[in-house]
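Here are my notes on this one, point by point. Have the viewer open while you read, and click along as the elements come up.

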Amino acid sequence: MTIEKSALRKSMLVQREAVPHEALRASGDAIARYGIEWLLAAGAPNRARVSTYRPIGAELSPLALEQVFVTAGWGLCLPVMVGQGQPLQFRSFEAGDELEAVTWGILQPRATAPLVEPDVLLVPLVAFDARGNRLGYGGGYYDRTLAALRSRRSIIAVGLGLDEQRIDAVPHCDYDQRLNWALTPAGPARCS
């Protein structure tokens, strides 16, 4: 399974990196046009707290979508890496807050920002399928995090990606956590 995931990851990353910067930016703008009504219909509380992320490489940017959440009065937070093999934590975040670069150039809030728990997680991905199986970078951070959060409360996990990142079947293990929704420029899709 690990070899199969690794080969698929390499192939999908090459494909994603080939997307022109302008098309990637347009895709980030396109996902914001779907607003939040679909999330409310999916059970997100009004004025929910959303964990977003700062894109690295050719990840789909959630920045335009973040503005939709802020305008609706929803709170934002960003994931914080605690250590290898550990679930992520989340710190409150507002536009303009100073961020620090950590492992792999990931930007996260400073340790002085309050710890919070999100209601909705926006999750970057390398590939996904209609069942909600997600292929990430292979570190398992989001799988451990979703498992920990889901053991305590209801959470909506939304994978953000390009339409081309949807494939027929993502290889998965029992410990892999599924997405509830995928949001691409074609629109939000509930994972079954």
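Predicted model: local features only at pLDDT ≥ 70, side-chain atom pairs only at ≥ 80, totals over all residues.

1. Helix α2 (residues 21-32) and helix α4 (residues 63-71) have axes that come within 7 Å and cross at roughly 25°. Anything under 35 degrees counts as roughly parallel, and α2 and α4 are therefore roughly parallel to each other. The crossing of α2 past α4 is right-handed.

2. Which residues do the touching between α2 and α4? On the α2 side they are Gly28, Asp29, Ile31 and Ala32, and these meet Ala64, Leu65 and Val68 of α4. Sorted by class, the contact of α2 with α4 has five nonpolar residues, one polar and one charged.

3. Now the sheet. Seven strands make up an open sheet with mixed pairing, and the order is β3-β2-β1-β6-β9-β10-β11. The edges are β3 (89-93) and β11 (187-190); each has a single partner strand, so one side of each is left without a neighbour in the sheet. From one strand to the next, the twist averages 30°.

4. With β1 (residues 49-51), β2 pairs in the parallel sense over three bridges, and Ser51 has Cys77 in β2 as its bridge partner.

5. Helix α5 (residues 141-152) lies across β2, β3, β6 and β9, and runs at about 170° to β6.

6. Is β9 buried or exposed? Five of the five residues of β9 are buried, so β9 is largely enclosed by the rest of the structure. Both of its faces are covered, with Ile156, Val158 and Leu160 buried on one side and Ala157 and Gly159 buried on the other. Along its β6 flank, β9 is joined by five bridges and the two strands run parallel; Pro124 stands opposite Leu160 in β9. With β10, β9 pairs in the parallel sense over three bridges, and Gly159 has Ala182 in β10 as its bridge partner.

7. Have a look at Lys5, which is found in helix α1 (residues 2-17). Buried means under 20% relative accessible area, and at 12% Lys5 therefore counts as buried. Leaving aside neighbours within four places in sequence, Lys5 is in contact with Leu135, Pro171, His172, Cys173 and Asp176.

8. Glu4, also in helix α1, is partly exposed, with a relative accessible area of 48%. The C-alpha atoms of Glu4 and His172 are separated by 9.7 Å, though these residues are 168 residues apart along the chain. His172 is also one of the contacts of Lys5.

9. Arg47 lies in the loop between α3 (37-41) and β1, and is exposed, with a relative accessible area of 57%.

10. Last, the loop between β1 and α4, where Ile56 is found. At 23% relative accessibility, Ile56 counts as partly exposed. Which residues does Ile56 contact, leaving aside its neighbours within four places in sequence? They are Trp104, Gly105, Ile106 and Tyr137. For a sense of scale, Ile56 and Ala130 are 74 residues apart in sequence and 24 Å apart in space, C-alpha to C-alpha.

Definitions and conventions
Residues numbered from 1 in each chain as written. Heavy atoms only, no water. Axes fitted to C-alpha atoms, helices over the stretch in contact; angles between N-to-C directions. Helix = DSSP H or I, 4+ residues; strand = E, 2+ residues; numbered from the N terminus. Parallel < 35°, antiparallel > 145°, perpendicular 65-115°, else oblique. Left-handed = near helix turned anticlockwise from the far one by under 90°. Contact = heavy atoms within 4.5 Å. Nonpolar A, V, L, I, M, F, W, Y, C, P; charged D, E, K, R; others polar. Pairing = 2+ DSSP bridges. Buried < 20%, exposed > 50% of the residue type's maximum accessible area, 1.4 Å probe, protein only.
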